[in-house]
Each structure stands twice: as structure tokens, then as C-alpha cells.
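Here are my notes on the model, as numbered points. Please read them beside the coordinates.

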Amino acid sequence: MNKTTSKRNNWIKNGLFIGLILALLFTDLGPWALGGMQQLLLKTGLKNAPSATTETPAPVSEVTGTYPHQLALTTLDGQAVQLSDLKGKVVFLNQWATWCPPCRAEMPAIEKLYQSVDKNKVAFVMLSLDEDAQKARQFVADQGFTFPVYVPGGPLPESFNAQVVPTTLILGPDGQLSQRIEGMTNFDTDDFRQYLVSLYSTRK
């Protein structure tokens, strides 16, 4: 192979590589490809959810008291809901968006967690931050996810504001924030399920 042919082959390879990078960055392929790679990372167990907070949570003693967070929610079919309607349950609240590859990556594990917990004790709020709710609706339908998905019906409480997505908040039955988990996480672990059960068990 002469130098001219070798140079031409290198240019072709470099061009294909650059073209692939541009396609991932500027087309709909990007979130899918990055999400797939990040899903593989989650399967290694390196990003498993913490099973407990660093601080011992206070016992839940006033489940019947005033819920500490005012948050209006809207389901994807347009039904209005208040977060306070979930008082008495542990709440798994995940802020996500369709354009976020790490969000896509962790969702299969969240679906498995959702399928495996007692819905009478643990409520899921998958809170889409997409400006267009139709994008969230289409994504969830395409993936076959069954967890409940909402969009904000008003401003988020200050304590819920996230600097990154995904961000997951775990609330005790009294609505007190027990844990904030920022970034892509594997929630489909026995330790994390037991943690949710233990939060519910502290209710009086």
C-alpha cells in the first residue's frame, strides 16, 4: 500500500469517526446511544443506590399532620394531583427528561423496582421535566414503562430544585426528605428495596 492510499484510508476513517460523533451529538441517536452505554455501566454495580442515609432519619410520628411540600402534578392524561395526596406512603420522586441519556439509562432499573414493591407502601412520581409532555408520553409508551409519570403543575418546592438530572428524592410517609440522589443510579437492588421498606416501617 503506497503513502497516498494510506493517507486516503486514514482520512476516510477519521471522517467516519467525526461523522459518527456529530450524529451522536446533533441527532436523536445521541441520547439512545449514550443511554445504552450508561445502562451497561449500571449493570456493573458501580452506581448502585445507597441503601441508607448518612444520618439516622427521625422516626415518623405525625403522618396525619400537614404535608411539608406543596407540589401540583399533572398526569400524562391530564389529571391533576397533589403530592400531598401521597401522605402516608414512602415517595420515590425521580426528576428526568427524554433528552437526558443518564435518565434513559436508569429507567429500566426503576421500572423493575416499581414492579417489585408494595404500591400500598411506596408511591412513584416519575416527574418529567420535558417542555413538551407529548415527548414524555411517547417515550414511556415506546419503552413499555408502567410506572406513573407526571409533569409539574406548578413551581417545584425550593428543596426539590435539582442542579442535575436525573435527581431522585426519597420522602418518608410524613413527606420529610430522607435522601437526595443526584445522577444516574441503579435502584434495582435488594438493599435499596429494604431501605424503602424500613422508611415505611418507621411510621407510627
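1. Phe-92 is buried, at a relative accessible area of 0%. Buried means under 20% relative accessible area, exposed over 50%, and partly exposed in between (1.4 Å probe, protein chains only). Phe-187 is buried too, with a relative accessible area of 0%.

2. Some ground rules. This is a predicted model, in which local features need pLDDT of at least 70 and side-chain atom pairs count only at pLDDT 80 or more, while totals for chains, interfaces and linings use all residues. Residues are numbered from 1 along each chain as its sequence is written, and side-chain values use heavy atoms, with hydrogens and water left out.

3. The overall layout. The protein has 5 helices and 7 strands. These are DSSP runs, numbered from the N terminus (helices: H or I, at least four residues; strands: E, at least two). From the N terminus on, the order is α-α-β-β-β-α-β-α-β-β-β-α. Of the 204 residues, 41% count as buried. Contact means heavy atoms within 4.5 Å. Among contacts between residues at least 6 apart in sequence, 72% join residues at least 24 apart.

4. Which residues have the most contacts inside the largest nonpolar core? They are Phe-92, Trp-96 and Phe-192, in a core of 31 residues. A nonpolar core is a set of buried Ala, Val, Leu, Ile, Met, Phe, Trp, Tyr and Cys residues joined through side-chain atoms within 4.5 Å. The elements giving two or more residues to this core are E3, H3, E4, helix H4 (133-143), strand E5 (149-152) and H5. A second, separate core has 15 residues, including Leu-71, Leu-93, Leu-127 and Leu-169.

5. Aromatic pairs. The structure holds 9 of them. Rings of Phe, Tyr and Trp (its six-membered ring) pair if their centres lie within 6.5 Å; planes under 30 degrees apart count as stacked, over 60 as edge-to-face and the rest as tilted. Phe-92 and Phe-187 have ring centres 4.9 Å apart and planes at 85 degrees, so this pair is edge-to-face. Phe-92 lies in strand E3 and Phe-187 in the loop between E7 and H5, so the pair ties together parts 95 residues apart in sequence. One aromatic cluster is formed by Phe-92, Tyr-114, Phe-124, Phe-187, Phe-192 and Tyr-195.

6. Leaving aside neighbours within four places in sequence, Trp-96 is in contact with residues including Cys-103, Met-107, Met-126, Ala-136, Phe-139 and Val-149. Phe-139 counts as buried, at 7% relative accessibility. The rings of Trp-96 and Phe-139 have centres 5.8 Å apart and planes at 40 degrees, so the pair is tilted. This pair links distant parts of the chain: Trp-96 is in strand E3 and Phe-139 in helix H4, 43 residues apart.

7. Helix H5. Its buried residues are Phe-192, Arg-193, Tyr-195, Leu-196, Leu-199 and Tyr-200. Seen down the axis of H5, the buried residues fall within an arc of 155 degrees, so they line one face of the helix. The arc is that of the directions from the helix axis to the C-beta atoms. On the other side of H5, Asp-190, Asp-191 and Ser-201 are exposed. What covers the buried residues of H5 includes strand E3 (90-96), helix H3 (101-116), strand E4 (122-128), strand E6 (167-171) and strand E7 (177-182).

8. Charged pairs. How many salt bridges are there? The count comes to 3, a salt bridge being a side-chain nitrogen of Lys or Arg within 4 Å of a carboxyl oxygen of Asp or Glu. Asp-188 pairs with Arg-193, the closest N and O atoms being 2.1 Å apart. Asp-190 also forms a salt bridge with Arg-193, at 3.3 Å between the closest N and O atoms. Salt bridges that share partners join Asp-188, Asp-190 and Arg-193 into one network. Asp-190 and Arg-193 both lie in H5 (residues 190-201), 3 residues apart, about one turn of the helix.

9. Asp-188 is partly exposed at 26%. Asp-190 counts as exposed at 62% relative accessibility.

10. The remaining salt bridge joins Arg-180 and Glu-182, with the closest N and O atoms 3.9 Å apart. Arg-180 is partly exposed, with a relative accessible area of 31%. Glu-182 is partly exposed as well, at 42%.
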